[in-house]
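Open the model in your viewer and keep the selection tool at hand. This tour goes from stop to stop and tells you what to select next.

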Amino acid sequence: MLTARIAVLVSGGGTNLQALMDARGRGELPHGSLALVIADKPGIRAIERAREGDIACAVIPRREPGFEEKVLTALRNYQIDMVVLAGFLGILSADFIRRFPGPIINIHPSLIPAFCGKGFYGLKVHQAALDYGVKVTGATVHYVNEVPDGGKILLQRAVDILPGDTAETLQRRVMEQAEWKLLPAAAERVAADVVAARAASPAKE
Ligand code: GRF
């Protein structure tokens, strides 16, 4: 079966990458093939996870000049059809998004439009939810556009905040109950759309 070639951009522990690999192992990613992992810094656990999952991995330091150009080159070289941001902490420029022809999706650990946008990442998101006193939070998978966390929403899942929660306990629950379920489901949905679009208009020979 034709599949959409997926690149996963990572910056940290790679638990969302792991969720994608586990979904693949359970046959829940039939329209996608995890073709490339791009780590934006060396020495992160996500790199080991990519190796353990037999996925090609490129380390392209985000802080070095020409980061986006190097990423676009890698995506072309690996014939990538779609990009998944999985715990990726960079903000891709409007120019990058214009130059990459396929869909880009991101997992954000809150119910957008709450607790999102510039500066809201990692534990900060969960601390903001606790500080505000909301009773429910969750995770969102959305398309990426030039506005941080601003693209069309694909999937969301709510997670209860419990008495005594810390940012750490809440992050863990949101990962387990929401992120790790939503991202594979969203990746499969977008991959199936890519495959269907390709079937509908086969590339000119
Ligand atoms: C976590 O804060 C997660 O909520 C968010 O990115 C961070 C790291 O994710 N999506 P990962 O373990 O690197 O996938």
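Contact here means heavy atoms within 4.5 Å. Keep in mind that this is a predicted model.

**Stop 1: N106**

Select N106, which sits in strand 5. Is N106 buried or exposed? N106 is buried, because its relative accessible area is 9% and buried means under 20%. Now show its surroundings. Leaving aside neighbours within four places in sequence, N106 is in contact with L85, T140, V141, H142, V144 and D149. Pick D149 from that list: its side chain makes a polar contact of 3.5 Å with the side chain of N106.

**Stop 2: D149**

Move on to D149. Look for it in the loop between strand 6 (136–143) and strand 7 (153–160). D149 is buried yet has no salt bridge. Where is the nearest side chain of opposite charge? That is K118, 11 Å away. Select two histidines next. The side chain of D149 has a polar contact of 3.5 Å with that of H108, and a polar contact of 3.5 Å with that of H142. Not counting residues up to four places away in sequence, D149 also touches others, including I112, C116, G117 and F120.

**Stop 3: the largest pocket**

The largest pocket has a volume of about 700 Å³. It is lined by 35 residues, and the closest to its centre are G87, F88, L89, I107 and Y121. Which elements give two or more residues to the lining? They are helix 1 (15–25), strand 5 (104–108) and helix 6 (167–200).

**Stop 4: salt bridges**

Side chains of opposite charge can pair when their charged atoms come close. The structure holds 12 salt bridges.

Select R198 and D81. Their closest N and O atoms are 3.1 Å apart in a salt bridge. R198 lies in helix 6 and D81 in the loop between helix 3 (67–77) and strand 4 (82–85), so the pair ties together parts that are 117 residues apart in sequence. R198 is partly exposed at 25% relative accessible area, and D81 is partly exposed at 22%.

Next, select R26 and E28. This salt bridge has its closest N and O atoms 2.8 Å apart. R26 is exposed, at 51%, while E28 is partly exposed, at 38%.

Then go to R45 and E52, whose side chains form a salt bridge of 3.6 Å, N to O. Here R45 is partly exposed, at 34%, and E52 is exposed, at 54%.

Finish with E69, D95, R98 and R99. Select them together: a network of salt bridges links them.

Notes. Residues numbered from 1 in each chain as written. Predicted model: local features only at pLDDT ≥ 70, side-chain atom pairs only at ≥ 80, totals over all residues. Heavy atoms only, no water. Helix = DSSP H or I, 4+ residues; strand = E, 2+ residues; numbered from the N terminus. Buried < 20%, exposed > 50% of the residue type's maximum accessible area, 1.4 Å probe, protein only. Lys, Arg positive; Asp, Glu negative; His and termini not counted. Salt bridge = Lys/Arg side-chain N within 4 Å of Asp/Glu carboxyl O. Polar contact = N/O pair within 3.5 Å; in protein donor to acceptor, adjacent residues only side chain to side chain. 1 Å grid on protein atoms, 1.4 Å probe; cavity = no way out; pocket = protein on both sides within 12 Å on 5 of 7 lines; lining within 4 Å. Points joined across faces, edges and corners; volume = space filled by probe spheres on them.
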